[in-house]
Every structure is written in C-alpha cells, then in structure tokens.
Amino acid sequence: MDDKTHKFTLKREVGLVGAVSLIAGTMIGSGIFMSPQTVLLSVGSPGASLVIWACCGLLAVLGSLCYAELGTVIQESGGEYIYILRTSGPVVAFMLIFTSVLFVRPAGVAGIALSFAEYAVAPFYQGCTPPQLVVKSVAAVGILTLATVNCLNVRFAMSVQVFFLVTKVLALTVIVVGGLVMLIRGHTENFEDSFENTNVGINPIGIAFYQGLWAYDGWNNLNYVTEELKRPEVNLPRSVLIAIPTVTVLYLLVNVSYLTVMTPRELMSSSAVAVTWGNKVLGNWGWVMSVAAALSAFGSLNGTFFSGGRVCFVAAREGHMPGILAMAHVKRLTPSPALIFTTAISLIVLIPGDFQSIVNFFSFTAWFFYGVTLSGLLYLKIKKPELPRPYTVPILIPILFLIAAVFLVLAPIIDDPQIEYLYVTLFIFSGVLLYVPFIHYKLCPGLLEKLTMYLQLFLEVAPAEKNL
C-alpha cells in the first residue's frame with residue numbers, strides 16, 4: 001500500500017538476484033534432463049544436436065534482448081499479452097490470452113509437473129515404468145504445493161526460486177565435471193564422425209528446435225512481472241544478459257558430458273538421460289541425479305507459476321478476463337485468485353497429459369505469438385521512434401528473431417502436416433467468437449457480479465491498480 005497516494009498495488013520486491021533466479025531458475029527445469037534424447041533422435045547425429053542446442057541458446061538471447069527493449073518501453077506486467085494489446089490491439093491480445101490461459105500456460109505447467117513427477121518416482125520403480133496414476137498424482141501434489149507457496153508470499157516464492165536455482169546449478173556442475181573427467185581420460189569415440197547420419201529435413205530440424213527450445217523456455221519470464229521488478233529499466237536487460245548466456249554455456253557442456261558418457265544409441269533410448277548418466281558415472285549413487293532432476297523441475301515449476309498467474313491478473317485488469325482475477329490479497333499482496341484459476345486449469349490439462357505432445361503443440365502456439373509480439377516491436381521502432389527507450393537493440397535482431405519464429409511455426413506443418421496443428425490454429429482463432437459478444441458488446445455483464453462479490457469476501461481480495 002502506498003501511503004502518499006493510497007493506491008493498492010503489488011509491491012516491487014524482485015531485485016537483480018531474484019530476477020536472474022526467475023529467468024535461469026525457470027529455464028533450467030525438466031528440459032535439459034528430458035529433451036536431449038529427442039533432439040538427438042530428430043537430427044540423427046551428436047554434432048548436429050550440439051549445433052541445435054547452441055542455436056536454441058542464441059535464439060533465446062536474441063529474443064530476450066528484444067523483450068528487454070519492449071519491457072523498458074512498455075513498463076507494465078503481462079509479457080506478450082500487454083505488448084500485443086498496446087501494438088496490435090485488443091482482438092489479437094484477447095486471442096493470446098484466451099489461448100494462453102486455457103492451453104499454453106496450463107500445458108507448460110502440466111509438462112514441467114509431469115517431468116518432475118517422473119524423476120521423483122523413478123528411484124522407487126528401478127527397472128520398470130512407473131504407473132501413470134502415480135506419476136500424475138505426484139505431479140498434482142507438486143502443482144498444489146507451489147500454488148500455495150505463491151499465494152502466501154512473493155518474497156518467500158522468490159526465496160524458493162533462488163534456493164532451487166543453486167541446487168540445479170550444482171547438479172549440472174556435477175554432470176559437467178563428470179563429463180570433463182571422462183574426456184580427459186580419452187573417451188572421445190562418440191565425437192568421431194559426429195555429423196554422420198544427420199537428418200537435414202525441415203520437419204526433423206523443426207521438431208529438434210521445439211524440443212531444444214522447451215529447455216530454454218522461461219527466457220521471457222521476467223517480462224510478466226515488470227511491475228514487481230525494482231528499477232526495471234536497469235535490472236531487466238542486466239538480468240537477461242547474465243542469465244541466458246550462462247544457461248546456454250551450461251547446457252552445451254551438459255550435452256557434451258552426456259555424449260561423452262553415453263553412445264548416441266544409449267542416449268536416444270534413455271527415458272531419463274540424467275539418471276542413465278548417473279548410473280554409468282556415479283554407480284550406486286546414480287539415484288542422486290534423479291533427485292536433482294526432480295528438484296530442478298520443481299524449481300522451474302515455481303518460476304512458471306510465479307509469472308503465469310500475473311498474465312491472468314493483467315488480462316483481467318484490462319477487462320479481458322473476469323474481474324475477480326484482477327484482485328490481490330489485501331494482506332499478502334499476491335494475485336491469489338489468478339493463481340488459483342491457473343492451478344485449476346493446469347490440473348485439468350494434466351489428466352490427459354502426454355509430455356512429448358504437450359511440448360510440440362505448446363511450442364507451436366507459443367512461437368506464433370512470439371512472432372506477433374516481435375512484429376509489434378518492429379512497429380514501435382519504425383512508427384514511434386520518439387518513445388523513451390532506456391535500452392534498445394539494433395533493428396536486425398527482431399527481424400532475425402521474427403524469421404526464426406515464422407520458420408518454427410510453418411516448418412512442421414509444411415513438411416509433415418498433422419490434423420492437430422489445424423485444431424490448434426482453429427482454437428487460437430476461436431477466441432474471436434468469444435471476444436465479439438462478451439468483451440466488445442459486454443453481453444451478460446451482471447452475470448458474474450454476485451459470484452465476484454462472494455469470492456472477493458471469501459478470498460479477502462481487492463482490485464489492484466498498476467504499479468508504474
């Protein structure tokens with residue numbers, strides 16, 4: 001609460017360390033432990049897989065630099081949603097929020113929760129596949145636990161994020177050091193003819209990028225919480241330049257370690273790469289890698305929750321979601337209704353959830369809207385150069401990123417059309433059917449008023465204003 005103006009807002013409690021932890025801690029999750037085998041399977045050779053991982057890192061760096069400029073020009077929380085709203089208009093922004101709230105964000109949460117659960121139960125089911133009911137039950141418990149943490153206190157949620165970041169960096173350092181020791185001992189046979197049998201088709205490269213970029217997902221997380229970031233004009237670009245190159249180097253070294261210890265065939269057939277690596281290098285202590293991978297995914301899930309709830313919150317504040325979701329707890333100053341709503345949808349998506357399909361269709365949808373967002377940055381650069389810009393990038397960077405986004409959206413469809421991509425596209429554009437009656441013409445405006453009033457009293461929440 002601000003004593004001078006008596007405005008009820010979310011506090012700026014995220015400093016530089018918290019910002020770096022939010023980006024790196026969300027990026028380093030399940031992907032680096034689960035995606036390497038799919039990337040290698042798609043492109044067919046160790047050399048090509050390392051090139052894909054490096055290119056994914058470069059793409060994440062370019063995208064985050066563009067987002068840093070957007071975040072310093074439009075200093076509001078909400079990420080892609082608020083940028084599209086300010087540059088492309090309310091209809092496209094509503095299509096994003098409709099897709100994001102009902103599919104993209106819950107799919108991301110469910111995917112990370114499933115990978116956390118698979119690693120968490122792996123030590124109890126050695127030599128056999130754990131039952132899906134057990135995996136999904138553990139995933140649901142993880143989601144509910146972190147929903148509670150994020151509803152209680154922002155500072156506590158950020159402390160959890162920092163703790164898990166330290167844990168997962170230590171785990172990846174163990175993998176890197178183990179791989180370097182094996183390399184020094186002369187285990188380089190897997191890197192001989194490293195580009196042999198490379199698949200150079202559009203579809204395998206596109207799918208490999210989807211799986212690799214899943215491991216980098218979270219590079220844009222800080223833009224969802226700009227209003228809670230201390231000195232965003234300084235800390236936003238600074239935290240991006242610290243976190244993402246560090247994660248990229250770490251990922252490359254981890255993949256080199258995997259390929260040093262395991263043959264490409266072993267790596268492609270492994271369902272849990274880090275556990276296979278641990279069993280071969282650490283012997284009886286191999287289970288430690290399973291625990292480390294579970295903790296890593298848990299920390300990433302926390303970061304996804306922290307930022308994801310803010311998208312709902314901002315959309316409701318702009319009138320694109322029910323008003324109750326734009327409210328914050330009067331004492332804890334957390335957007336608890338939006339977090340509870342995100343939790344409920346994520347648990348529903350978790351029921352039929354399958355990790356690989358979640359990654360592919362999540363990536364297709366996300367990159368469609370990344371492209372729209374970067375088009376907005378180009379519009380601002382060309383049409384509104386007079387806007388104050390504490391930080392700016394050369395116009396070539398958003399152009400390159402936009403080309404990559406177009407490739408990632410179109411490549412799998414052109415090379416290997418699947419009916420599911422049509423369903424996802426129709427789902428995105430179906431948001432217009434809801435926008436016209438319920439947002440533009442405001443039909444049934446009193447329908448939710450009584451429910452909102454009841455929930456406001458029950459949850460002890462009040463409408464929160466922008467913190468600019």
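## Salt bridges, a bent helix and a surface patch

Let us begin with a contact between charged groups: Arg-317 and Glu-227 join their side chains in a salt bridge, 2.7 Å from N to O (a salt bridge is a side-chain nitrogen of Lys or Arg within 4 Å of a carboxyl oxygen of Asp or Glu). This pair links distant parts of the chain, with Arg-317 in helix 13 and Glu-227 in the loop between helix 9 and helix 10 (232–261), 90 residues apart. Helices here are DSSP runs of H or I with at least four residues, strands are runs of E with at least two, and both are numbered from the N terminus. Arg-317 and Glu-227 are buried, where buried means under 20% relative accessible area, exposed means over 50%, and partly exposed lies in between (1.4 Å probe, protein chains only).

A word on the model: it is predicted, so local features need pLDDT of at least 70 and side-chain atom pairs count only at pLDDT 80 or more, while totals for chains, interfaces and linings use all residues. Residues are numbered from 1 along each chain as its sequence is written, and side-chain values use heavy atoms, leaving out hydrogens and water.

Gly-303 touches Leu-22, Thr-26, Gln-161 and Asn-221, leaving aside residues up to four places away in sequence; contact means heavy atoms within 4.5 Å.

The whole structure holds seven salt bridges. One of them joins Glu-69 and Lys-381 (3.1 Å, N to O). Glu-69 lies in helix 4 (residues 46–73) and Lys-381 in helix 15, so this pair ties together parts 312 residues apart in sequence. Glu-69 is buried at 0% relative accessibility, and Lys-381 is buried at 15%. Together with Arg-389, Glu-69 and Lys-381 form a network of salt bridges.

Ile-382 belongs to a nonpolar surface patch with Ile-395, Leu-396, Ile-399, Leu-400 and Ile-403, and together they have about 550 Å² of accessible area. Helix 16 (residues 396–415) gives the most to this patch, with four residues. Patches are made of residues with over 30% relative accessible area and no salt bridge, joining like charges within 9 Å and nonpolar side chains (Val, Leu, Ile, Met, Phe, Trp, Tyr) within 5 Å. The areas come from the Shrake-Rupley method with a 1.4 Å probe, and for residues only the protein chains shown count as cover.

Now turn to helix 6, residues 90–121. Of its 32 residues, 25 are buried, so helix 6 is largely enclosed by the rest of the structure. Helix 6 bends by about 60 degrees at Ser-100, the bend being the angle between axes fitted to the seven residues ending there and the seven starting there. Val-349, in helix 14, touches Leu-102, Pro-106, Ala-107 and Ala-110, not counting residues up to four places away in sequence.

Asp-193 has a positive phi of about 50 degrees although it is not a glycine, and it is exposed at 62% relative accessible area. Leu-333 has a positive phi near 55 degrees, but Leu-333 is buried at 10%.
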